[in-house]
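Got a minute to go through some salt bridges and a surface patch with me? Have a look at the structure first.

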Amino acid sequence: MNAKTALKYAEEQGAKFLSVRFTDLVGAWHHLTYPIHELDEGSFEDGFGFDASSLRGWASIHESDMLLVPDPGRMWMDPFAEEQTLCLIANAVDPITKEGYGLDPRSVAQRAESYLRFTGLADTVYFGPEAEFFVFDGVRFNNDQFSAGYTIESDEGHWASGRAADEANGPNQGYRIRPKEGYVPVPPTDTLSDLRSEIALILERCGITVECHHHEVATAGQCEIDIRYATMLGTADNLQLFKYVVRNTAYQYGKTATFMPKPLYGDNGSGMHCHQSLWKGEKPLFAGDGYAGLSEMARFYIGGLLKHAAAVVAFAAPTTNSYKRLVPGFEAPVNLAYSARNRSAAIRIPMFSTNPKLKRLEFRPPDPSCNPYLAFSAMLLAGLDGIQNRIDPGEPLDKDIYDLSPEQLKDVPSLPGSLDESLNALEADHDFLLKGDVFTPQLIDRWIGYKRDNEIARLRMRPHPLEFSMYYDI
């Protein structure tokens with residue numbers, strides 16, 4: 001699609017406004033809204049000027065002027081706006097060099113795809129994420145000098161089984177999801193089936209193909225909606241739109257959705273398993289006659305992912321809360337091994353079909369709190385480094401990792417146990433990310449500094465409510 005196509009679409013849809021969407025360093029969507037008459041063919045070259053100085057992790061005051069240049073290849077009508085509003089995804093562009101801003105996440109993903117083509121190894125990488133999330137009836141939290149705490153409200157949660165009937169929630173009819181027993185029940189136990197169907201219909205209207213939706217394992221509204229795979233950049237765009245649609249649809253239903261990886265203690269967290277495969281032309285490059293039907297290239301890609309996994313998760317599992325999900329012994333994919341079918345390995349090779357076009361690998365440590373442009377790019381570059389350097393992933397681990405003895409596990413490396421450790425790993429191992437100028441040293445330094453100063457340090461300095469019960473009488 002081009003500028004003329006976008007302008008024609010806007011006219012056909014009766015658009016009155018234009019919402020230009022872009023992603024900050026941490027991964028949140030932002031937008032500026034213009035009357036539709038401000039959009040013309042030149043907008044797709046010249047962009048819209050904006051001040052980037054107040055965005056998290058972005059420009060400082062002396063370099064705050066930026067351009068937002070819309071991509072005519074990704075547009076839809078905002079399903080939640082009262083007035084007809086055309087949405088376009090934009091790149092942040094340096095107004096002087098007219099190149100993608102070094103800290104703009106979408107520009108990173110574009111450079112990653114360009115680098116892939118430059119290597120000649122493949123011309124396309126496909127990503128298919130499984131972004132889990134929770135839908136609650138409400139949430140309260142406070143962090144003051146003299147108090148801290150949170151409360152999750154969910155009538156579906158097992159803890160609501162003893163509540164009294166009241167005007168707000170109606171009668172207590174007894175259907176509840178016990179901890180870790182929420183996988184694919186039918187209504188009325190699954191209270192969110194209609195909400196997920198509504199989300200699926202809105203996603204389809206916005207150009208995203210939905211393959212399946214269901215309740216996930218945890219109590220209190222854990223959900224999964226699977227969307228069709230696409231190119232890496234297309235999937236990252238789709239994931240940003242996916243999260244927007246999920247949050248806004250839940251909001252319209254009087255509920256609240258979160259992609260926080262571990263909101264509930266003692267139950268499953270929300271992951272985002274990432275399926276990925278390389279193609280050249282019409283040929284799937286991961287299909288072969290090796291283990292689990294993999295090609296040699298796929299094995300080396302796995303080798304690169306496993307070698308650099310500790311650094312990759314600094315982008316793919318990027319919050320302090322992420323490591324409350326990635327805990328050894330709780331079915332979390334913390335052990336750096338690969339296997340066919342075994343979901344306890346960090347990398348799984350799905351075995352649903354023998355069709356070569358469906359041959360892919362699934363990297364399981366990521367979670368949906370990540371910035372998809374950065375996380376997907378880091379995974380791709382780790383895999384490409386494995387191919388370029390022929391990194392052998394070793395033998396597959398087809399046993400249940402959690403049944404292995406400490407002696408058997410001693411040679412199986414594991415992921416970092418905290419965000420701090422993953423940032424240390426990124427600091428020590430990031431040369432593979434600098435290839436093709438995909439990531440810049442400035443972005444990596446800014447990411448590490450932001451996470452340490454604004455997330456790790458803040459959590460480290462604050463007393464935790466649990467510490468009162470453990471230490472108050474010490």
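Predicted model: local features only at pLDDT ≥ 70, side-chain atom pairs only at ≥ 80, totals over all residues.

Residues are numbered from 1 along each chain as its sequence is written, and side-chain values use heavy atoms, with hydrogens and water left out.

Me: How many salt bridges does the count come to?
Reply: Side chains of opposite charge can pair when their charged atoms come close. The rule here asks for a side-chain nitrogen of Lys or Arg within 4 Å of a carboxyl oxygen of Asp or Glu. By that rule, the count is 21.

Me: Which residue forms a salt bridge with Glu41?
Reply: Glu41 sits in the loop between β2 (29-35) and α2 (43-46), and its partner is 37 residues apart in helix α1 (residues 3-12). Helices (H or I, at least four residues) and strands (E, at least two) are DSSP runs, numbered from the N terminus. The closest N and O atoms are 3.3 Å apart, and the partner is Lys4.

Me: Is Lys4 buried or exposed?
Reply: Buried means under 20% relative accessible area, exposed over 50%, and partly exposed in between (1.4 Å probe, protein chains only). Lys4 has a relative accessible area of 55%, so Lys4 is exposed.

Me: How many residues apart in sequence are Lys16 and Glu83?
Reply: These two form a salt bridge, with the closest N and O atoms 3.3 Å apart. Lys16 lies in the loop between α1 and β1 (17-23) and Glu83 in the loop between β4 (65-77) and β5 (85-93), so the pair ties together parts whose separation in residues is 67.

Me: Are Asp78 and Arg21 buried or exposed?
Reply: Asp78 and Arg21 form a salt bridge, the closest N and O atoms being 3.0 Å apart. Asp78 is in the loop between β4 and β5, while Arg21 is in strand β1, 57 residues apart. Asp78 and Arg21 are both buried.

Me: What accessible area do Val139, Phe141, Tyr150 and Tyr265 have together?
Reply: They form a nonpolar patch on the surface. Patches take residues with over 30% relative accessible area and no salt bridge, joining like charges within 9 Å and nonpolar side chains (Val, Leu, Ile, Met, Phe, Trp, Tyr) within 5 Å. Areas come from the Shrake-Rupley method with a 1.4 Å probe, and for residues only the protein chains shown count as cover. Together that gives about 570 Å².
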